[in-house]
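Here is a friendly walk through a protein model, going from helix packing to sheets, backbone geometry and the ligand shell. Have the viewer open as you read.

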Amino acid sequence: MSVEFCGLQLAHPVLNGSGTFDVIAARRAFGDQLLRDFPFSAYVSKTITLEPRQGNPPPRLWEASAGLINSIGLPNKGLEGYLAEDLPQIVEITGAGAAEVPLITNVMGSTAEEISRLLEACDAHEQIAAIELNVSCPNVKTGLDIGSDPRQLEEVVRAVRPRTRKPLIVKLTPNTADVALCALAAQEAGADAVSLINTLRATALAPRDPTLPAGRWLGGGTGGLSGPAIRVVALAQVAAVAARVEVPVVGMGGVQSAADACDLMDVGATLVAVGTESFRDPVAAARIAEGLRAMGAA
Ligand SMILES: Cc1cc2nc3c(=O)[nH]c(=O)nc-3n(C[C@H](O)[C@H](O)[C@H](O)COP(=O)(O)O)c2cc1C
């Protein structure tokens, strides 16, 4: 059942998508049951930035056909707040069950300098088993997402890679011309694994209701589409990436069932992450891991 990933021994291949499962809130809602039946084999934090972020103004969510557009805008306490307040609570939860669940901290910065500081800080904390670098962040100079251009991505990952000895997973953006080229660039620059897909850029107009102001609905103008609507895109992108890289691939996007997870593994994913489905069913990942076991896929 267990699977080796970047030197970590995981109980099964199902983890969470960053930003879609808040363990601290879940502990409040579900109590110690969460510790006994922790749904994921590794826990990925939401994205942490150097400075605190408020996130986008509301409205932040839009229910699309077979999916969800979120324009949350990565609110977080910033690096210091995460390390001082969240990390001890997360570790208390993920380290308390029958099996210890490794913690993967997801970070994002708009320059190599910012990312370097984040990686160095994570490197100094032994409770953090691995780091996921979210490259869906605009470069301050070009305005382009760091991960959308293979050359820019390779330059940034190469510059920051020496700042940590921990496994580095690069979370690719799907909003690019050729995701496999981006994955290769990340691998060349020293990534130990890649993960995909992040949300697809999307928007929604306000409902045609005279009591509401017309125009864009989402506070951030645009947002990211996730859920079943993106499953087939995820399958295509994970297949394209897994065919080109040698490093392990974490596949995600619209996974709701063991069959969906199995599809991603069939095209080359080593691990599968569950995101939006956890909002509908907080123990979805446990159900999916159990289903994989029953199918003989894990
Ligand atoms: C509400 C919400 C918040 C998210 N926050 C983050 C985040 O903080 N960092 C990140 O890298 N991805 C974030 N994501 C993207 C997910 O981790 C995942 O890549 C994406 O949603 C596709 O998987 P899914 O269709 O199973 O949700 C977020 C997604 C949602 C729906």
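## Helices, sheets and a ligand shell

The axes of helix α8 (residues 258–266) and helix α10 (residues 284–295) come within 8 Å and cross at roughly 70°. Before going on, please note that this is a predicted model, in which local features need pLDDT of at least 70, side-chain atom pairs count only at pLDDT 80 or more, and totals for chains, interfaces and linings use all residues. Residue numbers start from 1 along each chain as its sequence is written.

Helices (H or I, at least four residues) and strands (E, at least two) are DSSP runs, numbered from the N terminus. Axes are lines fitted to C-alpha atoms, for helices over the stretch in contact, and angles run from 0 to 180 degrees between N-to-C directions.

With its crossing angle of roughly 70°, α8 is roughly perpendicular to α10 (angles under 35 degrees count as roughly parallel, over 145 as roughly antiparallel, 65 to 115 as roughly perpendicular and the rest as oblique). On the α8 side, Ala 258, Ala 261 and Cys 262 meet Ile 288, Gly 291, Leu 292 and Met 295 of α10, where contact requires C-beta atoms, placed from the backbone, to lie within 7 Å. This contact of α8 with α10 has 6 nonpolar, 1 polar and no charged residues. In this classification, Ala, Val, Leu, Ile, Met, Phe, Trp, Tyr, Cys and Pro count as nonpolar, Asp, Glu, Lys and Arg as charged, and the others, Gly among them, as polar.

Helix α8 also has α7 as a partner.

| Helix pair | Axes come within | Crossing angle |
|---|---|---|
| α7 (residues 231–242) and α8 | 9 Å | roughly 25° |
| α1 (residues 23–30) and α3 (residues 78–94) | 9 Å | roughly 55° |

At roughly 25°, α7 is roughly parallel to α8. Arg 231, Ala 234, Leu 235 and Val 238 of α7 make the contact with Asp 260, Asp 263 and Leu 264 of α8. By class, this contact of α7 with α8 holds 4 nonpolar, no polar and 3 charged residues.

The helices α1 and α3 cross at roughly 55° and are therefore oblique to each other, in a left-handed crossing. Val 23, Ile 24 and Arg 27 of α1 are in contact with Asp 86, Gln 89, Ile 90, Ile 93 and Thr 94 of α3. The contact of α1 with α3 divides into 4 nonpolar, 2 polar and 2 charged residues.

Now for the sheets. An open sheet of 8 strands runs in the order β3-β14-β13-β10-β9-β8-β7-β4, with parallel pairing (two strands pair if DSSP finds at least two bridges between them). Its edge strands are β3 (14–16) and β4 (43–44), each pairing on one side only. Helix α10 packs on this sheet, touching β3 and β14 (271–274), and its direction makes about 165° with that of β3. Within the sheet, 4 bridges join the parallel strands β8 (residues 128–134) and β9 (residues 168–171), and Leu 133 has Val 170 in β9 as its bridge partner.

Another open sheet has 4 strands in the order β5-β6-β12-β11, with antiparallel pairing. At the edges stand β5 (61–64) and β11 (200–202), each with a single partner strand, so one side of each is left without a neighbour in the sheet. Neighbouring strands of this sheet are turned by 35° against each other on average, direction ignored. Strands β5 and β6 (residues 67–70) pair over 4 bridges in the antiparallel sense; Trp 62 is partnered with Ile 69 in β6, and Glu 63 with Leu 68. Their hairpin has 2 residues between the strands, and Ala 66 takes a positive phi near 55° there.

Cys 6, in the loop between β1 (3–5) and β2 (8–10), has a positive phi of about 50° although it is not a glycine. A cis peptide bond with omega of about -5° joins Pro 58 and Pro 59, and Pro 59 is found in the loop between β4 and β5. Leu 196 and Ile 197 are also joined by a cis peptide bond, with omega of about 10°; Ile 197 lies in the loop between β10 (193–196) and β11.

Finally, the ligand: 27 residues surround it, and the closest are Gly 17, Gly 19, Ser 226, Gly 275 and Thr 276 (a residue is near a molecule if its C-beta atom, placed from the backbone, lies within 6 Å of it). The shell around the ligand has 8 nonpolar, 16 polar and 3 charged residues.

Conventions:
Two residues are in contact if their C-beta atoms, placed from the backbone, lie within 7 Å. A crossing is left-handed if the near helix is turned anticlockwise from the far one by less than a right angle, and right-handed if clockwise.
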